[in-house]
Amino acid sequence: MSCPVAEDAHRGKRWSVVRKDILHELRIRGGLHELTVGELDQLLCSVKVTTDEVYDYLKTTDQFVDGWKALAPNQPGVEVKDSDLYQPMTKILNSILERFHLHEAEELKVVNALEQDPTHQQVFDSTKDVLKLCPPLRAVQLDNHYFRSAKLNKSLSCFICATPIEVKAHRDNLTEYDEEEYLARCAAYARHYLYQQTGRHFLYVPLITDQHIRIFRFDRLGAVRSPWIDIHKNPETFIRLVLLTCGQVGPSIGANPAITWNGGTQYITVSGVKYTVDKELYALRAIRGRGPAVWRVFDPEGQPRIIKFSWRPKRPECNENVEWGILEDLKGVQGVVQIIDHAENEKSLLESRGFLPEIPFHSGDRLSTFTVLKCYGKRIRDFDSPLQFLQAFRDAIAGHQNIWREGILHRDISEGNILLGEEGAGEGFRGVIIDLDRGIRICYSESLPEANALYGTRCFQSLNLIRSELPRSDQEPYHSHTYIDDLQSFMWTFIWIITHYEVLQGGQSSRIRSTTDIVTKFQSTDAVTAETAKVRCLENPSIVKTHESYPPQFDLLKTQLLKFFAHYALHQPKTRQNPTPEDLSVVSEFHYKRILGWFDDAISSLQSGTEPKAEDLVLDFSLDDKEIAQLQEDWDRSNAFESLVWSLITSNSSTSTALQESEHGLLQFMAQRPDLIPPPPSSTPPAPVFLPSNRSGSQGASQFTFQRQPGVSADSSTSSIDRSMESSHTSSRDYPVFRPIENLEVARSVTADHDNDMTLKRGRDNEENCSNVVGKRSKA
């Protein structure tokens, strides 16, 4: 694969635009660290060359005589161009690399791209607004281990470039703009190679003139920049800088030790298991951040797997929400990607920089993580039939409900984060949600996190998240990111697909130009533009044109979803700005049930071939609100009573007398406050709901309660979702997810020794009195 030297327009952006973006990326939140002389000396100590060896070279080489003679200072009146330095600089650098052989590579040398292809001269000399991806000089190496095997004469290959080298003619009195231009150019090279050599940890870029040198190191935290060094007055430092940046191999110059090559085959090793790479699925073109990458691989048994690589923040508050930890907790949960294995690098990015800063870094720190996942189908947009699309989308929403019940909020629902299930997958895994990088554990009784426009993909963000970017007064309270925001993201994803993809005659999807121009404004970086477009769609669903190739069930679903979120996002007043999951337990169950019901109806209608009826549309949600309010009232009464029961039966009473008093108090309370006693359950027990809980560690058992399912009457039959939840939570977990309210006999066994026959008789009588309230509940 040859590496293009330039792009006239990087996805529509000129160099002036990319330059501005790169400088902004590097300067925010401590992204640029200026090396001191002392810090530079620490770095150079890693170069295993003695001073005597350096001076022996300087005495014997014909390249240095009171300075690098091929780079003599500019003569007065003679203008030196950048290209005039390429050939002599290549000769000097290769002379140094050949003398100090610090590597085990088959071959390592600096090549001049113009010698390979002189037609690039015009690009490199151009002063136009051109985005140059690679410099003319670059150190390339053949080691057939960390870099892909290739012939050295194909020096433009991105896979064997170890270090890009920027060469410039010396200029006196550099301005701030000149310094920023140098930084941006070198950063653009680094961004390109970090993107092409997926998973690489960092990259050096030396900037050399005919009089000075400075080096840059780029990683996922930003850039490190050295001071200018006079190469003629400090030849030893110059040599060490060349060897540091160009004369080493493997991890010493940023190669990922877990990613190796053998010939043309790439391998990734995770926890000692060597996976063969089939193809790269995703990589992000950026310098700072998580640097995510995704590969499809095969394990040693030939089973397809997915490997995800990223740099996670190294902060105490992030440890609990690391993606692999969340996925370990969600093993067996339907509708969610399943984890196979994971591995984390013990050495962080800051530790790998090779020096102790004299002034602390301000950019935080990151750890690299490999996560091995089960392999599923294609993205939801690449469906093979409309029915497959609906079934996968429905199971993905149910999967989101499952993780909400588990105390996890996804916060990044998009068309790229919903996959089709494996071929022949049963209900529950026909579609799965992936990418829980932004997922967060939530506590049942604590406020949900604040809505933040930085989370999620703009095109699919809820109005609540988009509006969080807009200015607000200090008195205006913030709004939380809740399950309803993620459900709204599902809706925008559904609308995006049915307006940007058509159904071909065979049932497969195919990308088209959007059927609704206003939908394209969803992805605007301007918050006001994106918000206005989505509000217009909510207020007038008819302006969103479902492509004519879709069955009528899709347009019906579109209208129902838009009306639903118009009611809850635009018209219904917000009664709580920062609710807890406990506050939303009733309404969330009702909303999931409503939306999943619509998809179930559409799937059933599509399978039976019956036409949907417009009169079946539910467009007035005031009745839903009344039903939710009644359910909430019943729920609150049930909670109040069960809390009292639990406090009495789990009291610290250590004597039979105290236990008798507790039971007597319970019966007295029931007689005095019948209004708090919930209605008796039917003979069919309700499906269990695994409500969000505090997962920070082991807690007192009394903090976790097992309650009947809100939004579903006691005599309702359990849904397939509930049945699947029952079967998928039988394994033990690190954190207690719920605590059942046990019958009095079981509870009594942990409080006192029941030797008194009268006490036992009274206890049995009390059990009979309370059986209609608490029910026959045993440990799950």
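First, the term: rings of Phe, Tyr and Trp (its six-membered ring) pair if their centres lie within 6.5 Å, and planes under 30 degrees apart count as stacked, over 60 as edge-to-face and the rest as tilted. This is a predicted model, where local features need pLDDT of at least 70, side-chain atom pairs count only at pLDDT 80 or more, and totals for chains, interfaces and linings use all residues. Residues are numbered from 1 along each chain as its sequence is written, and side-chain values use heavy atoms, with hydrogens and water left out.

By that rule there are 30 aromatic pairs. In one of them, the rings of phenylalanine 383 and tyrosine 550 have centres 6.3 Å apart and planes at 55°, so this pair is tilted. Phenylalanine 383 and tyrosine 550 are both buried (under 20% relative accessible area; exposed is over 50%, partly exposed in between, with a 1.4 Å probe and protein chains only).

Phenylalanine 389 and phenylalanine 494 make a stacked pair, at 5.7 Å centre to centre and 15° between the planes. Phenylalanine 389 sits in helix H12 and phenylalanine 494 in helix H14, so the pair ties together parts 105 residues apart in sequence. Helices (H or I, at least four residues) and strands (E, at least two) are DSSP runs, numbered from the N terminus. Both phenylalanine 389 and phenylalanine 494 are buried.

Which residues form one aromatic cluster? They are Phe383, Phe389, Phe393, Phe490, Phe494, Tyr550, Phe554 and Phe599.

Helix H14, residues 483–500, also holds aspartate 485. Aspartate 485 has a relative accessible area of 4%, so it counts as buried.
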